[in-house]
Amino acid sequence: MQLSSFTFHYKVVCTLALGAGFVLLSACQDEKSADPACSTPATIHDLTGLDGCRFVLELSSGKRLEPAGEAWTAYTPHDGEKVYIAYTDDPRASICMVGQTVKLVCIRAR
C-alpha cells in the first residue's frame, strides 16, 4: 500500500512540474512573438511627386527604405508620421529607386 501511495504522489508531482514548465515556456514564446524588436525609429514620407514613388520610410541616419510585406500593406501610412519598425532586407526591382527595398516585420506608431 505504501508503494501505491508513493507512485500516486510521484505521478502528481511529475504532472504538476510538466504543466508548470509548459506554462513558463508558452509565456516566453508569446512574449517574443508579440513584438519582434519593433524598435527602429523611422519617419514616413509621401514621395508621390517622384515617378513611381509613394510612401517611403526614413531612418534617423537619413537612410531611406522602400517597404513591402504584410505588415506594411496592413498599415495606413500618413506623411510625416513617426513610427517604430523592424525589417529584413528584401532585394527586388524598384521603379522609385530612392532607397533600400525591405520587408517590414512590424510597424507601430510612436
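User: Which residue forms a salt bridge with arginine 54?
Analyst: Aspartate 46 forms that salt bridge with arginine 54, and the closest N and O atoms are 3.2 Å apart. A salt bridge here is a side-chain nitrogen of Lys or Arg within 4 Å of a carboxyl oxygen of Asp or Glu.

User: What kind of model is this?
Analyst: This is a predicted model: local features need pLDDT of at least 70, side-chain atom pairs count only at pLDDT 80 or more, and totals for chains, interfaces and linings use all residues. Residues are numbered from 1 along each chain as its sequence is written, and side-chain values use heavy atoms, with hydrogens and water left out.

User: How many salt bridges does the structure hold?
Analyst: The structure holds 3. Besides the pair above, glutamate 58 forms one with arginine 64, with 3.8 Å between the closest N and O atoms. Aspartate 90 and arginine 92 also meet through their side chains, at 3.3 Å from N to O.

User: And why do aspartate 90 and arginine 92 count as partly exposed?
Analyst: Aspartate 90 is at 26% relative accessibility, so it counts as partly exposed. Arginine 92 counts that way because its relative accessible area is 34%.

User: New topic. How many disulfides are there?
Analyst: There are 2 disulfides. A disulfide is a pair of cysteine sulfur atoms within 2.5 Å. Cysteine 38 is joined to cysteine 106, S to S 2.2 Å. This pair links distant parts of the chain, 68 residues apart: cysteine 38 sits in the loop between helix H1 (2-34) and S1, and cysteine 106 in strand S5. Helices (H or I, at least four residues) and strands (E, at least two) are DSSP runs, numbered from the N terminus.

User: Why is the disulfide of cysteine 38 and cysteine 106 right-handed?
Analyst: The torsion about its S-S bond is about 135°, so the disulfide is right-handed.

User: Which cysteines form the other one?
Analyst: Cysteine 53 and cysteine 96, with their sulfur atoms 1.8 Å apart. They too link distant parts of the chain, 43 residues apart: cysteine 53 is in the loop between S1 and S2, cysteine 96 in the loop between S4 and S5. Both of these cysteines are buried.

User: What pattern do the disulfides follow?
Analyst: The pattern is 1-4, 2-3, with bonded cysteines counted along the chain.

User: OK, what about the largest nonpolar core? Which residues touch the most other members?
Analyst: Ile44, Leu57, Trp72, Val83, Ile85, Leu104 and Ile107 do, out of 14 residues in that core. At least two core residues come from each of strand S1 (40-46), strand S2 (55-59), helix H2 (70-74), strand S4 (82-89) and strand S5 (100-109). A nonpolar core is a set of buried Ala, Val, Leu, Ile, Met, Phe, Trp, Tyr and Cys residues joined through side-chain atoms within 4.5 Å.

User: Which residues is isoleucine 85 in contact with?
Analyst: Leaving aside neighbours within four places in sequence, its contacts (heavy atoms within 4.5 Å) include Leu57, Leu59, Leu65, Leu104, Cys106 and Ile107. Cys38 is also among the contacts of isoleucine 85.

Technical notes. Buried < 20%, exposed > 50% of the residue type's maximum accessible area, 1.4 Å probe, protein only.
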